[in-house]
Amino acid sequence: MTTNASNVVFDDIFTINAIDKEGKKFDRVSRLYAHSKNYDMDLTLDYNVELYPMQNGQEFALALASSLAKGPPGANTEEEEKDSDVWRPDGKGRRGLEEDYEYVMYGKVYRFDGGTAEIVTAYASFGGLLMSLTGSFRHMTSIVLGDPLYILLRK
């Protein structure tokens, strides 16, 4: 999955099984259901269809990161302190993880179910667009309740 020398807390490749299987509720938002290749995880994700159109059966890479800064956390402590109130790490000319992806959202982990079970579910909200990620707790040990989270997608 990931190493300790990265801000990425989870990454995998997913295949979309269905889109809006319970019906479309909003004009610009769809809900996709996907399954991962490597870690046997299930994903439900709301996304903006105008900004990032996706289709049933399509594969995409997903990464969850605690920060958009490249490199290990705390490596650029002085620069991180200066940019702590900047929403993008490249606010001062630096480039971050967002450069490698096509669709990025910022949110928070608001719920974590099944803490003692083998299978757990992490829930995050990205400005009202919701995500649930279900699978083995071993692959989600770095996802922490209440922590900020970036979701990064690329086809």
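Q: What is the accessible surface of the chain, and how much of it belongs to carbon and sulfur atoms?
A: In this predicted model, the accessible surface of the chain comes to about 8,600 Å², and 48% of that surface belongs to carbon and sulfur atoms.

Q: Which elements make up the chain, and in what order do they run?
A: The chain holds 1 helix and 8 strands, and, read from the N terminus on, the elements follow the order β-β-β-β-α-β-β-β-β.

Q: What makes strand 1 and strand 2 a pair?
A: Two strands pair if at least two bridges are found between them. Strand 1 (residues 8–19) and strand 2 (residues 29–36) are joined over 5 bridges in the antiparallel sense, so they count as paired. Within this pairing, Ile 16 stands opposite Ala 34 in strand 2.

Q: How do you know that strand 2 and strand 3 pair?
A: The requirement is again at least two bridges, and 7 bridges join strand 2 to strand 3 (residues 42–48), so these antiparallel strands pair as well. Here Val 29 stands opposite Asn 48 in strand 3, and in the hairpin of the two strands, which has 5 residues between them, Asp 40 takes a positive phi near 55 degrees.

Q: Why is Ala 122 called buried?
A: A residue is called buried when its relative accessible area is under 20%. Ala 122, whose place is in strand 6, has a relative accessible area of 2%, and therefore it counts as buried. Leaving out residues up to four places away in sequence, Ala 122 touches Arg 111, Phe 112, Met 131, Ser 132, Leu 133, Met 140 and Ile 143. For the chain of 155 residues, 39% count as buried.

Q: What makes a set of residues a nonpolar core, and which residues have the most contacts inside the largest one?
A: Such a core consists of buried residues of nonpolar kinds, Leu and Phe among them, joined through side-chain atoms within 4.5 Å. The largest has 31 residues, and those with the most contacts inside it are Leu 43, Phe 60, Leu 64 and Leu 133. Among the strands that each supply at least two residues of this core are strand 4 (59–65), strand 6 (119–126) and strand 7 (129–136). A second, separate core of 8 residues includes Val 8, Ala 63, Leu 97 and Tyr 150.

Q: How do you know that Leu 133 is in contact with Phe 10?
A: Contact requires heavy atoms within 4.5 Å, and, once neighbours within four places in sequence are left aside, Phe 10 is among the residues in contact with Leu 133, together with others including Phe 14, Leu 43, Leu 64 and Ala 122.

Methods
Residues are numbered from 1 along each chain as its sequence is written. This is a predicted model: local features need pLDDT of at least 70, side-chain atom pairs count only at pLDDT 80 or more; totals for chains, interfaces and linings use all residues. Side-chain values use heavy atoms; hydrogens and water are left out. Helices (H or I, at least four residues) and strands (E, at least two) are DSSP runs, numbered from the N terminus. Buried means under 20% relative accessible area, exposed over 50%, partly exposed in between (1.4 Å probe, protein chains only). Accessible areas come from the Shrake-Rupley method with a 1.4 Å probe; for residues, only the protein chains shown count as cover.
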